[in-house]
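Before any numbers are discussed, please take a moment to turn the model in your viewer and follow the chain from one end to the other. The paragraphs below then go through its elements and its surface.

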Amino acid sequence: RFRDKLEMIVAELLSEKQHAEWLLSTTRSECTKQIAELDTQIQTMDDKKGDGARIEAGASSRKSQAQGNIASIEREGRKLLSVFKRQSGDCRSELKNLRNTVCGSKKLKQEVITIEAKQRKGARLEINDCSVGSWRPQECMNTKVAQQLEKQGIYNPQKAVTARRPLKSILHKCGPGGGIQWFL
């Protein structure tokens, strides 16, 4: 009986040992699979981290370049503004000088009129600054034809006639479309 019990205990222990070995091999297999899966996930995360670092480096480089471009544009803008201010001041100064010249010319004109009037014994002298005649429509030459003639050294339509070119066929009335006006 003792022996039977002992064999039964040994059989149970062997069964438990086999079960423990089976659990150990199953657990080891599962652990190996999980470790492999975790290694894959870690590698994927490392790859993503590397991609993120490259993206960040590229963005940082573009940001630095953009900041450099902005600084360059600001410098150029300041230079242009400085040039504008200087040229604007020069322009204002030139306008002031021109106004003074015009004013001086008017005063001089008035003095000349006064002196002339004294010499004429009170008769007023009229000085006109300029005169413009009235516009008259005349014949114009087609721009392309005029350019061709100018390439040949012909700048006058009369010479085009002597060069045996039919003058009337190259002339047209001035109006919409323009042309070069050649006075005959």
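A residue is called buried here when its relative accessible area is under 20%, exposed when that area is over 50%, and partly exposed in between. The model to which these terms are applied is a predicted one. In helix α1, the residues Ser88, Ile113 and Ala117 are buried by this criterion, and for the protein chain as a whole, buried residues make up 8% of the 184 residues.

The protein chain contains 4 helices and 3 strands, and read from the N terminus the order of these elements is α-β-α-α-α-β-β. Helix α1 covers residues 2-119, which is 118 residues, and at 1.5 Å a residue it should span 176 Å; the distance between its end C-alpha atoms is 168 Å, which agrees with that expectation. After α1 comes lysine 121, which has a positive phi, near 65°.

The cysteines deserve a separate look. Cysteine 31 has a relative accessible area of 37% and is therefore partly exposed, while cysteine 91, at 44% relative accessibility, likewise counts as partly exposed. A search for disulfides across the whole structure returns 0 of them.

Note on methods: Residues are numbered from 1 along each chain as its sequence is written. This is a predicted model: local features need pLDDT of at least 70, side-chain atom pairs count only at pLDDT 80 or more; totals for chains, interfaces and linings use all residues. Side-chain values use heavy atoms; hydrogens and water are left out. A disulfide is a pair of cysteine sulfur atoms within 2.5 Å. Buried means under 20% relative accessible area, exposed over 50%, partly exposed in between (1.4 Å probe, protein chains only). Helices (H or I, at least four residues) and strands (E, at least two) are DSSP runs, numbered from the N terminus. The expected span of a helix is 1.5 Å times one less than its number of residues.
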